[in-house]
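Q: I'm new to this one and would like a close look at a single part of it. Could you walk me through it slowly?

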Amino acid sequence: MSVSISDSPTRNLTPDTSHAQVALEAVQREIAACTLCVEAGFIPRSLPIFHGHAAQQLMIVGQAPGPSAGERPLPYTGATGRTLQRWLERAGFAPGALHRDFYLTSLTKCFPGPATGRGGKGDRPPSAREIALCARHLDREMALVRREIVVSLGRLAAERLDPTARGLPLIDLVGSLRPAERAGHAFRLLALPHPSGVSRWLNDPAHVARLDEGLAALRQEVVSRESGIDGRDEHGPIAESL
């Protein structure tokens, strides 16, 4: 099983998050032992991957881990992760923030396999049934981590976190914070395009502009909650004390 929990999960925990961390670790152990999609015949073996603890400041939800999930203990350590880290740095975060400041999870916790069909490229999106089998895991993660801002990657993750987004063009979702609720937890959803190199969505300059707007919104929201940091400063990364 390929699971990553923070090396120091008790660091920065308050009494409230300490209780949540204990419960979260129990959930993470259950996720690590889950074989539902194997038993249903969707994947040949279970290799769940996620990363984080209850004190992380924000959450990122993708659609599924990539093909390297069985080789590396952390999500987003390949090309997709490097792209995502560059986006975060454009939003003002320091290098390394992706794995330090964000709880990283996805709609499904195991790699679904490569894309199928004629001309299939990249990874196969998880099916509705696979997402349903894994929904309880995500619900409990969200209920325990309880971040004010959740970043979704790609249309599928955005629609599953915010049902009102279904059917809307991705350009209408990217670029702003949307109120949403899941598992009894109200949060603000920041939809971003998927950072996969297979995606061609960012080939359109108008789409790049929407991504920039989204990253700016993320920066403004975070710095507004950090005392002593001027959100108007366009230079320098957000402090590592996030």
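Which residues lie nearest the centre of the largest cavity, and how many residues line that cavity?

A: Happy to. One thing to keep in mind: this is a predicted model.

Let's start with your question. Cys 37, Ile 43, Lys 109, Cys 110 and Cys 134 are the residues that lie nearest the centre of the largest cavity, and its lining has 17 residues. The count comes to one cavity of 30 Å³ or more, and the volume of the largest cavity is about 150 Å³. As for how such a space turns up at all, rolling a probe the size of a water molecule over the atoms shows where empty space is left.

What is the lining made of? Its residues split into 11 nonpolar, four polar and two charged. Two helices, α2 (36–39) and α5, each supply at least two residues of that lining. Helix α5 gives the most, with four residues.

Five strands form an open sheet here, with mixed pairing, in the order β2-β1-β3-β5-β4. At the edges sit β2 (102–106) and β4 (177–182), each of which pairs on one side only. Going from one strand to the next, the twist averages 30 degrees.

Further in, strands β3 (residues 149–153) and β5 (residues 185–192) run parallel and are joined by five bridges.

Now back to our helix. Helix α5 (residues 128–145) packs on the sheet and touches β1 (58–62), β2, β3, β4 and β5, with its direction making about 165 degrees with that of β2. Helix α6 (residues 154–161) packs on the sheet too, touching β1, β3, β4 and β5, and its direction makes about 140 degrees with that of β3.

One last stop on α5: Ala 132 has its place in this helix. With a relative accessible area of 46%, Ala 132 is partly exposed, because that label covers values between 20% and 50%. Ala 132 and Leu 107 are 25 residues apart in sequence, and in space they are 8.8 Å apart, C-alpha to C-alpha.

Notes
Residues are numbered from 1 along each chain as its sequence is written. This is a predicted model: local features need pLDDT of at least 70, side-chain atom pairs count only at pLDDT 80 or more; totals for chains, interfaces and linings use all residues. Side-chain values use heavy atoms; hydrogens and water are left out. Two strands pair if DSSP finds at least two bridges between them. Axes are lines fitted to C-alpha atoms, for helices over the stretch in contact, and angles run from 0 to 180 degrees between N-to-C directions. Contact means heavy atoms within 4.5 Å. On a 1 Å grid over the protein atoms alone, a cavity is a set of points where a 1.4 Å probe fits but cannot get out, and a pocket is an open set with protein on both sides within 12 Å along at least five of seven lines; lining residues have an atom within 4 Å of a point. Grid points are joined across faces, edges and corners, and a volume is the space filled by probe spheres set on the points. Ala, Val, Leu, Ile, Met, Phe, Trp, Tyr, Cys and Pro count as nonpolar, Asp, Glu, Lys and Arg as charged, and the others, Gly among them, as polar. Buried means under 20% relative accessible area, exposed over 50%, partly exposed in between (1.4 Å probe, protein chains only).
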